[in-house]
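Work through the exercises below with the model open. Try each task before reading its solution.

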Amino acid sequence: MIETKPSTCRVCSAYCPVEVTIDNGRVVKVAGDRSVPMYGGFTCPKGRALPAVQHHPGRLLHSVKRRPDGSYQRISTTDAIDEIVVKLQAVLDTAGPRAVAGFLGSPGVEQVATAPMMMSLLRSIGSPNFFTMATLDQPNTKIADALHGTFGGGRMRPETLDVFLIAGSNPVISKQWFGQNPGAQLKSLARAGTRLIVIDPRRSETARRADIHLQAIPGEDPAVIAGLIHLVIAMGGVDRAFVDRNARGLTELTQALAPFDPGYVARRAGVPEADLREAAGLLVRSKRGSCATGTGTSMATRGTLATYLMNCLQTLRGFWAGEGEELLYSPVLLPPVTPRAQPKSPWPARGFGVKTRIRGLEQSVAGMPTAALMEEILTPGEGQIRALFVHAGPMRTMPQEALTYQALRSLELNVAHDIEMSPTARVADYVIASKVAFEIPVLSYLCELNSMFHQGYGYPEPFGAYQPALLEPPPGSDVIDAWQLYYRIAQRLGLQLHFGSMFNPEPAPLDMLQEPTTEQLYAAMCEGSAIPFERLRDHPRGHVFEEARTIVGARDPTCSDRLDLANPDMMTELAEVAREDILARRGTDEDYPLLFIPRRMQNVTNGVRLAPERLKTLTNPAFLHPSELTGRRLAPGDLAEVRSRNGWVRVVVEADPDLRPGVVAISHGFGRGPDEPEDPRHHGANINRLTRLDQDFDRYSGLPRMGAIPVQVAPIESHADKGEPA
Ligand SMILES: Nc1nc2c(c(=O)[nH]1)N[C@H]1C(S)=C(S)[C@@H](COP(=O)(O)OP(=O)(O)OC[C@H]3O[C@@H](n4cnc5c(=O)[nH]c(N)nc54)[C@H](O)[C@@H]3O)O[C@H]1N2
Ligand SMILES: Nc1nc2c(c(=O)[nH]1)N[C@H]1C(S)=C(S)[C@@H](COP(=O)(O)OP(=O)(O)OC[C@H]3O[C@@H](n4cnc5c(=O)[nH]c(N)nc54)[C@H](O)[C@@H]3O)O[C@H]1N2
Ligand code: SF4
Ligand SMILES: [Mo]
């Protein structure tokens with residue numbers, strides 16, 4: 001029997017509504033659902049390839065356990081959990097709760113009940129060690145908000161903007177900003193007169209649509225943004241009325257920006273001075289705007305400073321939503337809010353939470369510093385982590401692969417759940433086979449929640465969707481919803497879990513005798529939501545809930561809060577930027593003449609590797625400007641070695657005329673484990689062999705230098721035309 005049902009693709013946070021055609025229990029087609037106006041039927045190739053992912057022959061259908069010789073044997077999921085519990089209890093008995101940790105990576109977007117259940121288990125054990133990828137992503141956005149303060153009205157709605165300024169982000173591909181069909185959104189904004197300014201060393205898919213593209217040298221975002229603010233102030237572009245009423249520190253900021261005159265910034269960042277002036281002029285002429293950063297900026301060091309300066313720029317121009325405007329991200333499945341057009345003063349970015357033993361790193365507003373996790377595992381003594389639960393890909397995605405490998409191998413208990421035997425699964429003691437794609441019910445909750453971590457996510461319209469699972473796991477398989485692992489561990493340990501809305505400090509106890517359904521958990525997560533969970537059932541294709549639209553209210557006359565334009569730490573760092581020896585900081589020299597930067601590719605989400613043949617994503621090429629290839633006797637498709645001062649990888653090179661010369665762009669999330677033979681053409685390469693956890697790390701989040709890294713690129717003569725494993 002062939003039937004078509006509505007669901008949602010969750011391969012990335014865009015959560016595109018889809019129609020799934022199922023023929024006798026097999027997904028045969030996934031297409032965009034045109035009935036949801038926000039998306040206009042948009043999907044990307046990853047969504048359309050979901051049938052191949054759902055039924056991939058390489059999928060892990062049974063849990064496995066590591067043998068002493070390193071091979072894996074099948075084990076029933078129930079037996080695996082029994083054994084895990086015994087080992088976990090032993091760690092708890094000998095080393096206490098702090099020896100247990102959980103790590104959650106980005107596939108949490110597919111399994112939205114997993115994070116809260118993992119947190120619930122850790123809480124009931126008494127461990128504070130909940131780590132996520134968020135602190136190795138863009139923790140700078142949360143931290144910059146804490147240092148600057150936020151404005152209650154939030155960002156102005158995109159359809160009302162005169163200008164959108166974005167640094168280090170490529171929404172057309174990443175769907176971070178304009179997540180619902182970004183190409184179409186950018187087109188309609190351009191038609192309506194919104195001007196786009198992009199700061200990116202690559203003429204990216206987004207930069208191509210820009211009115212002004214500042215193709216700056218990687219790592220120079222703080223200087224470029226400081227230069228723009230300098231010009232805005234000099235042009236008389238400060239919104240005096242807004243700043244006098246809502247901010248402090250303009251004088252100190254103006255002084256700190258003095259060195260960043262346009263001539264200096266243009267020379268330093270390698271951009272034409274005229275373009276800087278034009279961009280600043282456009283910002284000054286615009287009444288409504290939004291200024292944002294992405295991963296390019298975050299990873300190139302000083303991401304916190306860059307994003308803090310972007311916040312300052314917004315405030316100086318008064319680019320915040322005022323009284324009577326509609327809130328950009330009105331809650332639907334989150335609790336309702338009553339925003340006011342008034343500032344909220346800064347709050348502590350750190351200093352209130354758990355301290356790690358590593359390099360002074362501690363919990364911040366962005367969460368526990370995941371950059372400290374591997375060293376916390378490897379450093380003996382009180383507080384050493386001995387048991388780890390892993391959801392997703394640290395082996396491919398954590399900086400400094402070798403240290404990650406060493407740490408994960410050294411654990412007394414390492415439990416991963418996975419959908420395939422990924423490099424991370426291959427270092428685990430137990431791998432619990434998980435459900436995938438349409439076997440898991442959908443809840444749009446995550447998109448809303450993400451907007452609290454990064455303003456580039458969230459629904460601009462009050463949209464909500466719940467869809468049940470569409471199919472059972474394959475007959476004979478033994479897979480679970482990832483959250484069930486944590487629930488069942490708690491059950492066997494005799495622990496009482498509490499589970500509910502993350503805004504509820506005292507969530508209700510869970511029934512520990514009768515296992516809940518995923519749907520019941522979703523309902524609990526939505527407790528107190530603006531639109532009751534039950535109402536989503538009336539709308540199988542999702543729905544824009546008009547009644548949830550939230551309007552920004554009037555300022556409270558007693559409000560005396562102020563946004564801070566001159567946070568002392570940020571002003572000190574800005575002075576350092578002005579003073580530093582630029583080349584020494586950048587680190588390029590004759591041996592390492594190029595700067596390696598991150599980028600994302602359309603057909604792959606981070607390290608998710610099922611169905612790469614179908615998506616033609618076997619490898620992550622190193623992109624270079626054609627002139628850089630010819631200068632090195634390299635042709636597109638050749639194999640080459642990329643070497644940083646920290647390590648090396650073998651890659652396939654490709655030409656990218658849109659890239660600034662002097663730059664190498666490679667996506668993360670590829671390659672095999674250190675013990676497996678690797679063919680760059682078929683597995684790609686793990687670029688986290690080029691990074692180091694302790695290099696130029698952010699003092700708040702611990703995020704190290706993951707971009708703007710000096711490298712050399714050279715041919716691998718003997719392999720150049722063979723395509724054989726290196
Ligand atoms: N197709 C696809 N979509 C994804 C993902 C994916 O892997 N694939 N990953 C998801 C995830 S986890 C995230 S966090 C988001 C990230 O979303 P984005 O931050 O938009 O990520 P990218 O698309 O990599 O865009 C980063 C841009 O920064 C530029 N860049 C690199 N270095 C610098 C620099 O020093 N300065 C400046 N100004 N620019 C620089 C790069 O050239 C690139 O165009 O995307 C999400 N969406
Ligand atoms: N050098 C460098 N490193 C980076 C980045 C960078 O730009 N440069 N970006 C960073 C960022 S922003 C992020 S968010 C991270 C992303 O990295 P992570 O958050 O670690 O997530 P992924 O690598 O996407 O996880 C994919 C892996 O999880 C496994 N997996 C386990 N369970 C599931 C499941 O239920 N579903 C699916 N689909 N897969 C599952 C898959 O088999 C695959 O191996 O990488 C970070 N690392
Ligand atoms: S953009 Fe692609 S991968 Fe992301 S949700 Fe939409 S269809 Fe899925
Ligand atoms: Mo990310």
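**Exercise 1.** How are H11 and H12 oriented to each other: roughly parallel, roughly antiparallel, roughly perpendicular or oblique?

*Solution.* Keep in mind that this is a predicted model.
- Step 1. Find the two helices: H11 spans residues 262–269, and H12 spans residues 273–285.
- Step 2. Take the angle. H11 and H12 pack at about 120 degrees, and their axes are 9 Å apart.
- Step 3. Apply the cut-offs. Roughly perpendicular covers 65 to 115 degrees, and roughly antiparallel needs an angle over 145.
- Step 4. Conclude. H11 and H12 are therefore oblique to each other.
- Step 5. The crossing of H11 and H12 is right-handed.

**Exercise 2.** Describe the shell around ligand 2.

*Solution.* 
- Step 1. Count the residues. The shell holds 28, and the closest are Ser106, Glu110, Thr397, Asp418 and Asn688.
- Step 2. Sort by class. There are 10 nonpolar, 12 polar and six charged residues.
- Step 3. Look for elements. Helix H16 (394–397) and strand E18 (413–418) each supply at least two residues of this shell.

**Exercise 3.** Which polar contacts does ligand 2 make with Glu110, His417 and Asp418?

*Solution.* 
- Step 1. Start with Glu110. An N or O atom in the Glu110 side chain lies 2.6 Å from a nitrogen atom of ligand 2.
- Step 2. Go to His417. Here a polar backbone atom is 3.4 Å from a nitrogen atom of the ligand.
- Step 3. Finish with Asp418. Its side chain places an N or O atom 2.5 Å from an oxygen atom of ligand 2.
- Step 4. Check the cover. On its own, ligand 2 has 910 Å² of accessible area, and the protein covers 98% of that.

Technical notes. Residues numbered from 1 in each chain as written. Chains lettered and ligands numbered in written order. Predicted model: local features only at pLDDT ≥ 70, side-chain atom pairs only at ≥ 80, totals over all residues. Heavy atoms only, no water. Near = heavy atom within 4 Å. Polar contact = N/O pair within 3.5 Å; in protein donor to acceptor, adjacent residues only side chain to side chain. Areas by Shrake-Rupley, 256 points an atom, 1.4 Å probe, with all protein chains shown as cover. Helix = DSSP H or I, 4+ residues; strand = E, 2+ residues; numbered from the N terminus. Nonpolar A, V, L, I, M, F, W, Y, C, P; charged D, E, K, R; others polar. Axes fitted to C-alpha atoms, helices over the stretch in contact; angles between N-to-C directions. Parallel < 35°, antiparallel > 145°, perpendicular 65-115°, else oblique. Left-handed = near helix turned anticlockwise from the far one by under 90°.
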